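Open the model in your viewer and keep the selection tool ready. This tour goes from one stop to the next.

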Amino acid sequence: MASSAKVTLFEDIFDVTALNPDGKKFDSVNRLAATGTTYDCDLLLDLNCQIYSVKKNEKITLVLASTLNLDGSPDDHFSYNSSESNMPSLADTYDYVMHGRVFQIDYKKDGTVVIAASFGGLFLRL
């Protein structure tokens with residue numbers, strides 16, 4: 001099997017510290033706050049809680065990748081359907097996969113980098 005190392009941009013295990021820290025806004029979405037265990041970073045992430053349930057104090061692995069194709073070839077950038085391909089993909093090793101766009105990268109004066117992404121309306125801030 002091919003390695004995912006060539007497509008992985010960031011990976012860490014996060015401790016979930018809070019669910020819906022500002023209150024629940026949508027029935028099918030939980031916003032979780034989490035802290036990285038390897039890197040000193042904070043995560044705010046929206047998840048479809050009808051598909052994937054996460055509880056406070058659980059650990060989750062977050063991977064940001066440039067493509068799901070293990071050979072590094074680009075995705076079609078429109079959708080992902082696992083039933084359309086017989087080839088192994090990065091998605092095969094995870095329970096929950098989101099496809100989206102990084103829309104903002106802020107470089108702070110203290111050296112902190114803040115990344116924001118959208119996954120069809122679901123939000124990530126790292």
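**Stop one: the largest pocket**

Select Leu62, Val63, Leu64, Ala65 and Phe119: of the 44 residues lining the largest pocket, these lie nearest its centre. A pocket is an open set of points on a 1 Å grid over the protein atoms alone, where a 1.4 Å probe fits, with protein on both sides within 12 Å along at least five of seven lines; lining residues have an atom within 4 Å of a point. This is a predicted model: local features need pLDDT of at least 70, side-chain atom pairs count only at pLDDT 80 or more, and totals for chains, interfaces and linings use all residues. Residues are numbered from 1 along each chain as its sequence is written, and side-chain values use heavy atoms, with hydrogens and water left out.

Now colour the strands β1 (8-19), β3 (42-48), β4 (59-65), β5, β6 and β7 (122-125). Each gives two or more residues to the lining of the largest pocket. Strands are DSSP runs of E, at least two residues long, numbered from the N terminus. Which strand gives the largest share of the lining? That is β4, with seven residues.

Colour the lining by class. It has 29 nonpolar, seven polar and eight charged residues. Here Ala, Val, Leu, Ile, Met, Phe, Trp, Tyr, Cys and Pro count as nonpolar, Asp, Glu, Lys and Arg as charged, and the others, Gly among them, as polar. The space in this pocket is about 1,200 Å³, taken as what is filled by probe spheres set on the points, which are joined across faces, edges and corners.

**Stop two: the cores**

Select Phe10, Phe14, Leu32, Leu43, Ile60, Leu124 and Leu126. Within the largest nonpolar core, of 19 residues, these touch the most other members. Such a core is a set of buried Ala, Val, Leu, Ile, Met, Phe, Trp, Tyr and Cys residues joined through side-chain atoms within 4.5 Å; buried means under 20% relative accessible area with a 1.4 Å probe, protein chains only.

Zoom in on Phe14. Beyond its neighbours within four places in sequence, its contacts (heavy atoms within 4.5 Å) include Ala34, Cys41, Leu43, Ile60 and Leu126. Another core, of five residues, lies apart from the largest one; Val7, Leu68, Leu70 and Leu90 are among its members.

**Stop three: a hairpin**

Show β5 (residues 101-107) and β6 (residues 113-119). They pair in the antiparallel sense over six bridges; pairing needs at least two bridges found by DSSP. Tyr107 has Val113 of β6 as its bridge partner. Five residues lie between the strands, and in this hairpin Gly111 takes a positive phi near 95 degrees.

Conventions: Helix = DSSP H or I, 4+ residues; strand = E, 2+ residues; numbered from the N terminus. Buried < 20%, exposed > 50% of the residue type's maximum accessible area, 1.4 Å probe, protein only.
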